[in-house]
Amino acid sequence: MDYMALALSLASLALGQVSPNPVVGAVVVKNHVVVGQGYTQPPGFHHAEVVALKKASEKARGGTMYTTLEPCCHYGRTPPCSQAIIAAGITEVHMAMLDPNLLVAGRGKDELEKAGIKTFVGEHEQEARDLNEAYIKFITTGRPFVTVKYAMSLDGKIATRSGDSKWISGDNGRHYVHNLRYESDAIMVGANTILADDPHLTARCASGRGGTVRKQPLRVVVDGKGRIPHTARVIEEPGKTLLVLGQPSKSKEIAAFVQAGAELLELPLLAEGQVDLEELLKLLGERGITSVLVEGGGILIGSLFDQGLVDRVVVIIAPIIIGGEKAKIAVSGRGVNKVVESFRLKRVSVKRFDPDLMISGYVVKKGEVNHTVLAKESMCLPDL
């Protein structure tokens, strides 16, 4: 049995519910039998390793632990997991990856080894990194991981010329989007999206886990000109809404939004008259937001690309043609002057959400080499 794969499956159950902590799964095995398993609980409660050890109880002594991340070795809201592992009598610990948090960063592994416990690192490492991509960026940069998501027609439109966009994607694609919302700390949209669609922006599923959503993502509305009404559904829904304004608002307007339940944040405008999105992401990071799902519209998405702030892209393509030069496009902003300057994706994957297709990938950052592209160019292979 692949015990680390089981631990990874357990870790996925914590996505979107434990930030700013990483999602971790742990399995305790003795005599080829799983005697304890667990995953990270919300902040202030037990980490995955402790949950698994408590379930294993005395059976943990002499056993082996498989954990998707190096056990912590410092006091935070809870005691260090490394000490709990040592006290339980575990003899071997397999870690998918080391923790990039400078408070750990190999020290947990060293502590286990000094106690006579054998350690192994690297099983399913890439899968573990994928699960914790938001945590890794957050803990190393202080900024949240930014995923841009949009649904478009075959001709690249996200709405008709009248602004209608319901529904471009099918039921399966929309269900997937709710999973993305469930796994994100925050959902970000621009004012035009609120004015055109008046969306709820809530996660209306439990990502297939059964039960109800324990925590709604923070809804972040970027409204540089202060145009959305205080009656917008995004403010009325359960959960919290952060309204980001780019210019001073009248005290009467502020009072109306506060009374409706929104939190207001005023940021300076850039030379182009847009909200400073880099500063916004910095402030979200300071609030412990590790992941942001951006759902539109084209102006906001274009600005994020222009400022080099996008980490991942998820595009659902519907087999329809909308047409019209005034129909809304997915990515506005300045864009690039030459095709060679385009934003390229790496680790691209394609999935079918009948009748739609989903293409996702990670944005190649400036100065970063896209080895996949170089390999194709060197071999003169066509892009298929």
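The lining of the largest pocket in this predicted model is made up of 20 nonpolar, 16 polar and 14 charged residues (Ala, Val, Leu, Ile, Met, Phe, Trp, Tyr, Cys and Pro count as nonpolar, Asp, Glu, Lys and Arg as charged, and the others, Gly among them, as polar). A pocket here is an open set of points, on a 1 Å grid over the protein atoms alone, where a 1.4 Å probe fits and with protein on both sides within 12 Å along at least five of seven lines; lining residues have an atom within 4 Å of a point. The space in the largest pocket comes to about 1,300 Å³, a volume being the space filled by probe spheres set on grid points that are joined across faces, edges and corners. Asn192, Thr193, Glu295, Gly296 and Gly297 are the closest to its centre among the 50 lining residues. Elements giving two or more residues to this lining include α7 (171-183), α8 (191-197) and α12 (298-306); helices are DSSP runs of H or I with at least four residues, strands are runs of E with at least two, and both are numbered from the N terminus.

Of its 9 residues, 8 are buried, so α12 is largely enclosed by the rest of the structure (buried means under 20% relative accessible area, exposed over 50%, partly exposed in between, with a 1.4 Å probe and protein chains only). Among the buried ones are Leu300, Ile301, Leu304 and Phe305. After α12 comes Gly308, with a positive phi near 65 degrees.

The second largest pocket holds about 730 Å³ of space. Its lining has 37 residues, with Leu15, Asp130, Glu133, Glu183 and Arg312 nearest the centre. The largest share of that lining, 4 residues, is supplied by α7. By class, 16 of the lining residues are nonpolar, 13 polar and 8 charged.

Elsewhere, helices α2 (residues 48-56) and α3 (residues 81-88) pack with their axes 9 Å apart and at an angle of about 20 degrees; axes are lines fitted to C-alpha atoms, for helices over the stretch in contact, and angles run from 0 to 180 degrees between N-to-C directions. The two helices are therefore roughly parallel to each other (angles under 35 degrees count as roughly parallel).

Gly323 sits in the loop between β13 (312-317) and β14. Its relative accessibility is 26%, so Gly323 counts as partly exposed. From C-alpha to C-alpha, Gly323 and Thr160 are 7.7 Å apart in space, although 163 residues apart in sequence.

Residues are numbered from 1 along each chain as its sequence is written, and side-chain values use heavy atoms, with hydrogens and water left out. Local features need pLDDT of at least 70 and side-chain atom pairs count only at pLDDT 80 or more, while totals for chains, interfaces and linings use all residues.

Conventions: Parallel < 35°, antiparallel > 145°, perpendicular 65-115°, else oblique.
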